[in-house]
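Hi,

Here is the structure I promised to pass on.

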Amino acid sequence: KSGQSKRTALRVIGLVHQEFYPRIARPAGEGNQAVYARQKRPRESQLWQRSSQAIGMGPATEDVRWVRVADRGADIEWFLRDCLAHHHGFVVRAAQNRSLVDEHQQPLNDKLFETVRQAKAIGEFKLDLRARSGQAARTVCLSVSIRRLRLRSTSKPGFKAGSQEPLACTV
């Protein structure tokens, strides 16, 4: 359509691993606090661990730059730490409104989503969205901003929240 901006075509350089996984609902009666039960059964988050193992990615080198692209399911701390440990780039759609810390690991009042929304836009673009159930097709204007920050470590068995090194990243 004339007058509408189009997304730039992308060239896929390489897809190293992909796994089809039908989503399985959490068993009835297993609440959010049932950590032990959750650890014993297969979890969707393990997809990312299996993918890392299947690929066998080593550390990035001068000649190779790994960039791991993942959906919201990979917004889990061990995946982000694994990327950083191997000097891999990563693009992960945020699912968790994480707590932030300053350079001295002191908690900040703002959380991830609010902090990103407050960052000054460096650009904007329009995107055509297709119609969905109960929603007409439309064009949206997206603002792009960049911010370096530190994510506070999350709680997990044996570690309380904030007890490990924060995750330095760009959002």
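Below is what I found in it, from the overall layout down to single residues.

A word on ground rules before the details. This is a predicted model, so local features need pLDDT of at least 70 and side-chain atom pairs count only at pLDDT 80 or more, while totals for chains, interfaces and linings use all residues. Residues are numbered from 1 along each chain as its sequence is written, and side-chain values use heavy atoms, with hydrogens and water left out.

**Overall layout**

The protein has four helices and eight strands; helices (H or I, at least four residues) and strands (E, at least two) are DSSP runs, numbered from the N terminus. Along the sequence they come in the order α-α-β-α-β-β-β-α-β-β-β-β. Of the 171 residues, 19% are buried. Buried here means under 20% relative accessible area, exposed means over 50%, and partly exposed is in between (1.4 Å probe, protein chains only).

The accessible surface comes to about 13,200 Å², and 51% of that belongs to carbon and sulfur atoms. Those areas come from the Shrake-Rupley method with a 1.4 Å probe; for residues, only the protein chains shown count as cover. Taking contacts (heavy atoms within 4.5 Å) with a separation of 6 or more, 39% are between residues 24 or more positions apart.

**The core and helix α3**

The largest nonpolar core has 13 residues, and Trp 48, Phe 79, Leu 149 and Leu 151 have the most contacts inside it. By nonpolar core I mean a set of buried Ala, Val, Leu, Ile, Met, Phe, Trp, Tyr and Cys residues joined through side-chain atoms within 4.5 Å. The elements giving it two or more residues are α3 (77–85), β7 (148–151) and β8 (167–170). Helix α3 supplies the largest share, three residues.

Cys 83 has a relative accessible area of 0%. After the helix comes His 87, with a positive phi near 60°.

Leu 149 touches quite a list of residues beyond its neighbours within four places in sequence: Leu 100, Leu 112, Thr 115, Leu 167, Ala 168, Cys 169 and Val 171. Take Ala 168, which sits in strand β8. Ala 168 counts as partly exposed, at 33% relative accessibility, whereas Cys 169 is buried at 9%.

**Salt bridges**

How many salt bridges does the structure hold? There are three, a salt bridge being a side-chain nitrogen of Lys or Arg within 4 Å of a carboxyl oxygen of Asp or Glu.

- Arg 68 and Asp 82 meet at 3.1 Å, N to O. Arg 68 is in strand β1 (residues 67–70) and Asp 82 in helix α3, so the pair ties together parts 14 residues apart in sequence. Both residues are buried.
- Asp 75 and Arg 98 meet at 2.8 Å, N to O. Asp 75 is in the loop between β1 and α3, and Arg 98 in the loop between β2 (89–92) and β3 (99–101), so this pair links parts 23 residues apart in sequence. Asp 75 is buried at 7% relative accessible area, and Arg 98 is buried at 8%.
- Glu 77 and Arg 81 meet at 2.7 Å, N to O. They are four residues apart in helix α3, and so about one helical turn separates them. Glu 77 is buried at 6%, but Arg 81 is partly exposed at 24%.

As for disulfides (a pair of cysteine sulfur atoms within 2.5 Å), the structure holds zero.

**On the surface**

Finally, Ile 122, Phe 125, Leu 142, Val 144 and Ile 146 form a nonpolar patch with about 430 Å² of accessible area together. Patches are made of residues with over 30% relative accessible area and no salt bridge, with like charges joined within 9 Å and nonpolar side chains (Val, Leu, Ile, Met, Phe, Trp, Tyr) within 5 Å. Phe 125 lies in strand β5 (residues 123–129) and is partly exposed, at 37% relative accessibility.

Cheers
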